[in-house]
Amino acid sequence: PEPEGQPFSLPWRLLWLPVFLLAAEAQRALRRHLVQRQWVRGSANRQALHRWRTAERLSRLLGQEPEEELLSLAQKAKFSRHELTQEELARFDDFCRNACRQLGKKPWYLQWIYRYIYAVR
């Protein structure tokens, strides 16, 4: 006997591909939005700790150790009563911007993984 129509033949799979791609882009945009919101909310010390987590993750993706200066700023933000200045926060931003540039020089498949799995810019 002839098999009945397969529920997921090639045309159906092709119809689901744009839905999958749209869902992947939507989750990436949502995750990036949530991270960006944490970067600007709360006190400067709280912002620094969120930025430190991002810098630490980017360092791991690049296969290097986080900068000592950023580590000391993160420790100051966590354990000190003094608020970090905007210049000190900008050091995190500079590091993250440079790390994203370096990740952008990686092969396309790694860039795809960084973008959709790790939600890196």
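Arginine 28 lies in helix α1 (residues 10-40), where helices are DSSP runs of H or I with at least four residues, numbered from the N terminus. This is a predicted model, in which local features need pLDDT of at least 70 and side-chain atom pairs count only at pLDDT 80 or more, while totals for chains, interfaces and linings use all residues. Residues are numbered from 1 along each chain as its sequence is written, and side-chain values use heavy atoms, with hydrogens and water left out.

Arginine 28 is buried, with a relative accessible area of 11%, buried meaning under 20% relative accessible area with a 1.4 Å probe and protein chains only.

| Residue | Contacts beyond four places in sequence |
|---|---|
| Arginine 28 | Arg115, Tyr116, Ala119, Val120 |
| Leucine 103 | Leu58, Leu61, Leu62, Gln111, Tyr114, Val120 |

The largest nonpolar core has 22 residues, and those with the most contacts inside it are Leu58, Leu70, Leu103 and Val120; such a core is a set of buried Ala, Val, Leu, Ile, Met, Phe, Trp, Tyr and Cys residues joined through side-chain atoms within 4.5 Å. Helices α2, α3 (68-79) and α4 are the elements that give two or more residues to this core.

The axes of α2 (residues 44-62) and α4 (residues 86-103), which are lines fitted to C-alpha atoms over the stretch in contact, come within 9 Å and cross at roughly 25 degrees. The two helices α2 and α4 are therefore roughly parallel to each other, a term for angles under 35 degrees. Their contact includes Leu58 and Leu62 of α2 and Phe92 and Leu103 of α4.

Notes: Axes are lines fitted to C-alpha atoms, for helices over the stretch in contact, and angles run from 0 to 180 degrees between N-to-C directions. Angles under 35 degrees count as roughly parallel, over 145 as roughly antiparallel, 65 to 115 as roughly perpendicular and the rest as oblique. Contact means heavy atoms within 4.5 Å. Buried means under 20% relative accessible area, exposed over 50%, partly exposed in between (1.4 Å probe, protein chains only).
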